[in-house]
Amino acid sequence: MAITCPYRPSHADPIAHVEISVCEQRLLENMEGGVAYENDLNLKATELRLGLPGTDCTKEEQAVSGARNNKRPLKETSEECRAKGKSDAPHDDQGTATAPKAQIVGWPPIRSYRKNNLQPKKAEAEAAAGMYVKVSMDGAPYLRKIDLKVYNGYPELLKALENMFKLTIGEYSEREGYKGSEYAPTYEDKDGDLMLVGDVPWDMFLSSCKKLRIMKGSEARGLGCGCETDLDFLMQHVSTCSGINRFIAYEKYVTFQSDLDVQEMSSMIF
Amino acid sequence: MNYFPDEVLEHIFDFVTSQRDRNSVSQVCKPWYKIESSCRQKVFVGNCYAISPERVIERFPGLKSIFLKGKPHFADFNLVPHDWGGFVYPWIEAFARNNVGLEELKLKRMIISDECLELISRSFPNFKSLVLVSCEGFTTDGLAAIASNCRFLRELDLQENDVEDHRGHWLSCIPDTCTSLVSLNFACLKGDVNLAALERLVARSPNLRSLRLNHAVPLDILQKILMRAPHLVDLGVGSYVHDPDSETYNKLVTAIRRCKSVKSLSGFLDVAPHCLSAFHLICPRLTSLNLSYAPGIHGTELVKLIRHCRKLQRLWILDCIGDEGLEVVASTCKDLQEIRVFPSDPFVGNAAVTEVGLVALSRGCPKLQSILYFCQQMTNAALITVAKNCPNFTRFRLCILDPTKPDAVTNQPLDEGFGAIVHSCKGLRRLSMSGQLTDQVFLYIGMYAEQLEMLSIAFAGDTDKGMQYLLNGCKKLRKLEIRDCPFGNAALLMDVGKYETMRSLWMSSCEITLGGCKSLAKKMPRLNVEIINDNDQMEVSADDRQKVEKMYLYRTLAGQRKDAPEFVWTL
């Protein structure tokens with residue numbers, strides 16, 4: 001297979017003629033010399049030699065490496081701020097792990113639409129598996145499980161719970177919780193505390209809810225109602241908290257109980 | 001030929017459909033120019049600033065369909081500021097004013113506003129087709145205008161656009177009397193759509209052949225749609241999330257079984273991979289598969305799916321398929337012509353495929369013509385083997401995630417590998433390179449890439465000679481885009497006449513100076529030489545010796561554009 005060269009350098013560029021014949025020879029060797037995928041290239045024999053024909057070999061090599069060295073530092077300094085951590089010239093050790101690279105603007109060349117679709121999608125894909133939590137109801141013999149991900153917000157969730165357990169929970173209010181209902185939807189959060197459903201934003205709820213519990217009767221009324229001055233309710237609330245939250249709850253309610261002896265109170269609670 | 005009456009020539013020219021061929025026809029002689037221009041209906045303008053809309057209207061009075069491109073290609077990678085330009089409004093306004101009977105509009109990388117969409121919907125009673133690719137500047141309100149007013153709407157195709165979603169009812173705006181829809185693609189919309197309206201739309205569109213849904217369309221609706229549209233040829237699945245209960249899943253399988261015409265499958269924007277087996281029924285007939293937006297599908301699931309796709313011609317996937325997965329592709333998809341492997345983790349900079357996968361593809365798929373391959377590493381030996389196995393490449397784009405990485409085995413530059421590609425693939429029209437590259441590779445390209453039309457280079461070359469070899473050699477070069485290469489004024493100014501034979505040249509983070517650009521602009525009045533000065537790098541009174549960060553030049557008959565923002569200077 002003859003390699004024809006359509007490229008005709010101008011007569012003012014004799015060096016190019018040499019380069020071309022070297023290139024043709026090298027390409028011929030590469031393509032036809034049976035270079036299999038597994039074999040190494042015979043690099044020494046095909047090394048680029050720039051310079052006029054008949055010039056000394058070593059001088060040419062020096063000229064080549066010299067030209068290369070001149071340009072490389074320049075390239076690196078101008079790109080320093082753009083591409084920190086870019087691996088150095090080919091003379092680095094093979095197989096060293098590349099240092100964490102700074103982000104180069106516009107690299108890799110992927111459309112922003114595609115890039116934006118990847119990262120959030122990855123997180124979504126992980127979350128897409130569903131978020132099943134147990135739901136217990138006071139007095140019921142067995143628990144249920146629901147996937148919180150299918151609901152867009154509290155109203156949907158509460159409706160689903162109402163349907164599942166055939167009861168009425170009613171509407172949430174910040175002051176009074178689920179007043180008017182004998183049920184109160186609660187959940188156990190990451191800290192192990194029993195919280196009223198509806199207090200925090202939906203997304204925060206999704207990330208902190210570990211299990212749901214539908215409380216019934218007097219216990220349900222205790223949470224979230226405005227009877228903070230009643231010591232019984234106070235004790236009940238404090239006792240449902242654990243750890244540091246118990247102290248915090250205790251402290252909060254103590255401020256309303258300035259008449260009571262603090263010691264007396266602490267002995268009753270703890 | 002002068003003895004033929006005009007009508008006969010017109011009739012003959014009707015059979016000449018490609019724009020290039022029609023351009024050639026119009027250059028034969030003056031009468032042919034006149035006739036061809038008077039009857040050409042489809043026009044392609046590769047750079048919206050190369051010519052004024054008035055001139056296009058004047059030359060092609062029969063204009064019905066136009067494809068306009070705006071921003072330079074590197075705008076895709078955030079290298080061009082958003083408001084650089086590419087506004088389509090002046091074109092639409094000119095068409096409306098001159099009573100052009102516009103029926104089809106296709107835009108790529110342009111800015112189109114809601115007002116413009118509304119103007120389109122009101123000004124062209126026969127408007128049938130709107131295709132927007134990588135565009136921005138509009139919201140779903142603009143889509144609502146198109147939906148409401150275009151009574152004969154056949155095609156609404158939104159590909160990878162940045163659309164502000166007002167969560168409106170745009171889909172419901174398509175009137176009940178509109179039954180002409182053939183193609184609907186809203187996969188890129190982020191918000192909800194009225195699902196009931198979507199179902200009704202599908203039910204009253206007997207000609208619907210292409211439907212691509214967005215992530216807000218859940219599985220049960222998909223199943224209902226498929227039951228109503230068994231003649232679909234192109235399907236883009238939206239959401240595929242929740243593990244469906246057995247009833248919904250069975251219904252889906254039944255629906256899919258009825259779709260005997262689906263040849264192209266895409267989407268799976270949210271996915272629960274265990275349900276993919278439902279689609280194995282469609283796989284044997286598929287010629288096109290795009291799973292590049294489905295990072296939720298793991299490599300093993302991908303492979304299972306692909307084993308059924310023996311007729312595949314086009315495949316777009318993520319690199320999580322791995323080299324082993326690509327071996328499966330190579331052994332299964334013998335008709336494969338185009339493949340694109342995208343990185344699933346571009347932020348960290350790790351790709352899951354290497355030269356091994358590329359070589360496997362070249363061995364197994366001899367019909368391969370077009371490839372875009374993001375990989376972790378490459379070797380010269382691999383590229384040489386690929387070049388030998390696949391001499392038919394017309395498009396070859398290789399992106400190593402570390403842009404200056406040398407041959408992973410020999411630590412040499414990748415000049416030889418790419419040299420082999422351009423030498424062997426005589427029909428190569430488009431090339432993108434990466435990895436460590438010296439001037440040598442440009443010598444090869446200049447020597448052998450005779451058909452090359454578009455070349456993208458980054459972090460390559462040593463001296464001006466590299467660029468000079470290119471400009472000297474590639475006679476058919478139309479678009480050249482260069483970033484972060486050490487090419488300076490000597491290269492830029494070597495052959496200024498060449499730029500008039502090209503559509504455009506982009507150079508960023510190179511060694512060219514303001515003085516060089518000014519000199520070029522002075523010599524070539526029919527080029528717009530734009531300096532993009534975002535980040536206020538340059539002051540007005542800048543020294544000519546200062547380096548230019550971003551330069552974009554293009555040939556034009558329209559002179560300096562009047563809509564350039566402050567940070568763009570046309571020299």
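A: What follows starts with the overall build of chain B and then moves to some helices and one cysteine.

This is a predicted model, in which local features need pLDDT of at least 70 and side-chain atom pairs count only at pLDDT 80 or more, while totals for chains, interfaces and linings use all residues. Residues are numbered from 1 along each chain as its sequence is written, chains are lettered from A and ligands numbered from 1 in the order in which they are written, and side-chain values use heavy atoms, leaving out hydrogens and water.

Let's begin with the whole chain. Chain B has 19 helices and 23 strands (DSSP runs numbered from the N terminus, with at least four residues of H or I for a helix and at least two of E for a strand). The radius of gyration of chain B, taken over C-alpha atoms, is 25 Å, close to the 25 Å from the globule rule (2.2 Å times the number of residues to the power 0.38) for 571 residues, so chain B is as compact as a globular protein of that length. Along the principal axes, its C-alpha atoms fill a box of roughly 70 × 60 × 55 Å.

Of the 571 residues in chain B, 63% are buried (under 20% relative accessible area, with a 1.4 Å probe and protein chains only). For chain A, that share is 41%, and 34% of its 270 residues are buried.

Now find helix H15 of chain B, residues 415-424. There, 10 of the 10 residues are buried, so H15(B) is largely enclosed by the rest of the structure. Among them are B:Asp415, B:Glu416, B:Phe418 and B:His423.

Next come two helix pairs. Helix H9 (residues 219-228) of chain B packs against helix H10 (residues 246-258) of chain B at an angle of about 30 degrees, with axes 9 Å apart; axes are lines fitted to C-alpha atoms over the stretch in contact, and angles between N-to-C directions run from 0 to 180 degrees. On the H9(B) side, the contact includes B:Leu219, B:Leu222 and B:Leu226, while H10(B) brings in residues including B:Leu252, B:Ala255 and B:Ile256. By class, this contact has 7 nonpolar, 2 polar and 3 charged residues (nonpolar: Ala, Val, Leu, Ile, Met, Phe, Trp, Tyr, Cys and Pro; charged: Asp, Glu, Lys and Arg; polar: the others, Gly among them).

In the other pair, the axes of H2 (residues 19-26) and H3 (residues 30-39) of chain B come within 8 Å and cross at roughly 145 degrees. Here B:Arg22, B:Val25 and B:Ser26 of H2(B) meet B:Trp32, B:Tyr33, B:Glu36 and B:Cys39 of H3(B). This contact has 4 nonpolar, 1 polar and 2 charged residues.

Finally, zoom in on B:Cys399, which lies in strand E16 (residues 395-400) of chain B. B:Cys399 counts as buried, at 4% relative accessibility. Not counting residues up to four places away in sequence, B:Cys399 touches B:Tyr373, B:Phe374, B:Cys375 and B:Ser434, along with A:Trp107, A:Pro108 and A:Pro109.

Technical notes:
Contact = heavy atoms within 4.5 Å. Buried < 20%, exposed > 50% of the residue type's maximum accessible area, 1.4 Å probe, protein only.
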